[in-house]
Amino acid sequence: MARNPVNERDSKMTNEADFDAVVIGAGLSGMYQTYRLREMGYRVMGVEASDNIGGVWHHNRYPGARIDSESEVYGYFWNEQLMQEFNWSERFAGQPEVLRYIYRAAEIMDIRKDYLFNARVQRAVFDDATNLWTLEFQQAGVAPLTARFVFSALGPLSAPQLPDVSGIHTFKGETYHTALWPRDPDGFGPAQLDFSNQRVAVIGLGSSGVQVIQEMAKQAGHLTVFLRSPNWCTPLGNGPMTAQRMGHIKSHYSELVAKCDASIAGFPHEFIPKNLFDVPQEERDAKLEELYHGPGFSLWLGAYQDVLSDPAANKYVSDFVARKIRERVKDPRIAEMLTPKDHGFGLKRVPLETNYYEVYNQANVSVVDLNVTPITRITPGGIQTTDALHEFDVIIFATGFDAIKGSWTRIDIRGSGGVALKDEWEKGVKTYMGLQCPGFPNFFTLVGPQNGATFCNIPRCSAVVVDWLSEMMAHVKTSNIHRIEPDQTAAEDWTLYCAKLMDKMLLGQTNSWFTGINRNIKGRDKREVLLFVGGNPKFRDYCDEVRESNYKGFILA
Ligand code: N01
């Protein structure tokens, strides 16, 4: 039974908050944060824009959507019951199964009752006199509410972005964005749509594009891929999860947790502690071959330690993957189109694939190179490029998100003195530990810019953040604290630290959502420091140190 804030606003006429805390978002991190606060005795309410739980897994239901993390390392490691009871059916689970897992987790936490659904936060305003936040909602029927603390678990990839192309609404066929896919009313996955006799276009070649292309090539009458910036993709290595394997995983969860905890990004892969050119050529080539065919991010996060920082080592691996593309795509012209020229291997998020490159050998698949013939507009009949009108029944936009910042800047967030977060971030994102921004007291960002969980296996690493914040909230309770904000200098130092770490990595010098670039959004053409790339262990150590030094860098009052 969903909550109704109207009935709970009995203290509105006083300076007391309706709730001690409000958590925005019912994805994996939001639900866990709500659960932790509730279990600590806080009066907490979760609010969710959508009509149900699941966050990205609720929205990204496009055909072919699945996790790129090994199923067993994606989820709530803190919940022993769930880990022991849930049986994954594939080594890399599909979206419907991930959502089923999330539903079961919600049941175990009994969390739905703590949420108000269909409540999209439109405005959040801090009052310096009372140290309270007021949240207003987009839906006219949802009354505002007040809370002392706000935990924004918005998700860094939750603000879908359409291409900056005119005429989208004039198209007479069907259009879909991968992150806003229609749902199956009776199940966990996508709506049952029939593409069999349809001419389908896909725009976008990121992780979503690659997955939806693989599936559409099987389903569509004809598929046309509109290619602007190809990515370096490597095999996923999926397969059924046998009962024996699942049993083994369950009896070895503690080792698996330790392995993931020790790794940079929370996955069961770790860089080889050797530089690529220090290894004899035959040996390193054999290793790259093995990693290429290994599961998940084996090649991205499990190769030699200097591949993402040394240009020559990076080129060596890029050339290796380029050869693979040429081997797998029969038409050399298309293979060339699919080989990235603007970045080296692993410097943008690596999409994982299953027979993706072979799709381009199919007779029902063609490619339009937008670097040669850019889109000029979308028309009622299809997609107009500089040389032709390509006619379609369906256009799929796999054009990604207003990543990291957009989830927050799409809300009018006003901190101390009415300062807008969006205006502050236009001057440059500045956070302390990616958890708070100066001038925005009592407002926490989970998996936000510069946070340790954002460049990480999110469910695993966000749990680190939730646990840490929950400990801080225990301290808040015992010490009767009303206001928490970061010290300006601490935030400047943290941001500088993130920038320095980013500078050491070639991905910091590459245009992508990692560095805040989005060609569809005005003003998003300069690289920004949005990630903490120091890795999960370093972030955890920093968190521990801050807690042990009585929350240094935070002003607690
Ligand atoms: O989005 P993206 P995504 N004309 O931004 C193209 C996570 N994820 O939804 O680079 C033509 O990566 C754009 O081209 P360009 C994962 O972290 C995880 O695919 O701007 N093309 C690019 O090719 C991932 O990194 C999973 O030139 C246009 C694409 O659209 C993140 O989500 C699955 C265009 C956007 O790619 C985002 O992935 C899916 C235009 N006007 C996603 N505008 C799993 O774990 C944009 N593009 C499995």
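How many residues surround the ligand, and which are the closest? I counted 26 residues around the ligand, with Arg66, Ser208, Ser229, Trp513 and Asn520 as the closest.

I am working on a predicted model, in which local features need pLDDT of at least 70 and side-chain atom pairs count only at pLDDT 80 or more, while totals for chains, interfaces and linings use all residues. Residues are numbered from 1 along each chain as its sequence is written, and side-chain values use heavy atoms, with hydrogens and water left out.

Ligand shell. By class I found 10 nonpolar, 10 polar and 6 charged residues; Asp, Glu, Lys and Arg count as charged, Ala, Val, Leu, Ile, Met, Phe, Trp, Tyr, Cys and Pro as nonpolar, and the others, Gly among them, as polar. Helix α6 (residues 207–219) gives the largest share of the shell, 4 residues. Helices are DSSP runs (H or I, at least four residues), numbered from the N terminus.

Domains. The assignment, automatic or from a database, gives domain 1 (5–53 + 111–159 + 403–482 + 535–551) and domain 2 (162–400). Their centres, taken over C-alpha atoms, are 33 Å apart. In the contact (heavy atoms within 4.5 Å) I found 12 residues from domain 1 and 11 residues from domain 2.

Conventions: A residue is near a molecule or strand if one of its heavy atoms lies within 4 Å of it. Helices (H or I, at least four residues) and strands (E, at least two) are DSSP runs, numbered from the N terminus.
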